[in-house]
Amino acid sequence: MTTERSHIMKKPIIAIMYDFDKTLCTRDMQEYTFIPSVGMEPHEFWNHTHDVATEETMDNILTYMYCMVEKARQSGNPLTRESLVACGKDIEYHPGVEGWFERINRYAEEAGVQVEHYVLSSGLKEIIEGTSIAKYFKRIYACEFLYKDGQACWPKMAVNYTNKTQFVYRINKGVLDINNDADLNNSRPDSEKRVFFSNMIYIGDGLTDVPCMKLVKQSGGHSIAIYSQGQQHKAAPLLKHERVDWMFEADYTEGSELDNTMKLLLQQLPVAQNFFLSLVLSQPVL
């Protein structure tokens, strides 16, 4: 059986990709537990990281990771994987998030499609792994520390706003191992890619998500901007400038605008995929 025909026989795969901070949870994940643990207020910590980045001409993501190590050490509690994972239990979600994944998975099953959930975040993988929803993600792509003698000593992975897009391509090609660059960069026909761009949905909350939003939308998928209650003005420019297809309040409960739109997409995207594949299969085999 050809690769193209095997795609027809399988359930279409739909990848839903999420930013994390302010998209699934209500604020930056460091603010719930870590920043108070080093005796700082959120604005103090973020102002400090901004000052360090400016003074040292550093990447903002690498700067906040450095400052976390620095402030934890100064507080007498060096940063460990265990302490960061423990921070995940204090995460506060937007309404409906904890029930969202099982509900969407059930609906996808009824619609005859397979849904995969991914995180693409500049936050910390360790904290996300400690959350109650971590088990629902096929992959968590986020910043991560390298540890020596149990303590964080170096950035193992730093995910900034533009290199997030590499993970969209990894999901597209099914090359999920971040160490595998060879297969990621090898050319292959669109019909042989594991998740078509047209079957991708990206959900994010702001300007830091724009590269992924634009890539997914311009490649035939769909992008959604999320905003907290009363914060429509933060998402409106994304819709105005056509970075996204929709903007919704961050309400993941059943029957919300986001929930209803997602269900419609799960019904419609496989139709588009099969139309594309029918065009491929109609071409003569060389």
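Residues are numbered from 1 along each chain as its sequence is written, and side-chain values use heavy atoms, with hydrogens and water left out. Because the model is predicted, local features need pLDDT of at least 70 and side-chain atom pairs count only at pLDDT 80 or more, whereas totals for chains, interfaces and linings use all residues.

Helices (H or I, at least four residues) and strands (E, at least two) are DSSP runs, numbered from the N terminus. Helix H6 covers residues 97–111, and its 15 residues should span 21 Å at 1.5 Å a residue, which agrees with the 21 Å between its end C-alpha atoms; the expected span is 1.5 Å times one less than the number of residues. Within H6, Val97, Trp100, Phe101, Arg103, Ile104, Tyr107 and Ala108 are buried, where buried means under 20% relative accessible area, exposed over 50%, and partly exposed in between (1.4 Å probe, protein chains only). Glycine 112, which follows H6, has a positive phi, near 80°.

A search of the whole structure finds eleven aromatic pairs, a pair being rings of Phe, Tyr and Trp (its six-membered ring) with centres within 6.5 Å, counted as stacked with planes under 30 degrees apart, as edge-to-face over 60, and as tilted for the rest. Among them, tyrosine 18 and phenylalanine 137 are edge-to-face, at 6.1 Å centre to centre and with 70° between the planes. This pair links distant parts of the chain, as tyrosine 18 lies in strand E1 (residues 13–18) and phenylalanine 137 in strand E3 (residues 137–148), 119 residues apart. Both tyrosine 18 and phenylalanine 137 are buried. Tyrosine 169 and phenylalanine 197 also form an edge-to-face pair, with 5.9 Å centre to centre and 90° between the planes. Tyrosine 169 belongs to helix H8 (residues 165–173) and phenylalanine 197 to the loop between helix H9 (181–185) and strand E5 (200–204), so this pair ties together parts that are 28 residues apart in sequence. Tyrosine 169 is partly exposed, at a relative accessible area of 35%, whereas phenylalanine 197 is buried at 16%. One aromatic cluster is formed by Tyr18, Phe101, Tyr136 and Phe137.

The axes of H8 and helix H10 (residues 210–218) come within 9 Å and cross at roughly 35°; axes are lines fitted to C-alpha atoms, for helices over the stretch in contact, and angles run from 0 to 180 degrees between N-to-C directions. Thr165, Val168 and Tyr169 of H8 and Pro211, Cys212, Leu215 and Val216 of H10 make the contact, which means heavy atoms within 4.5 Å.
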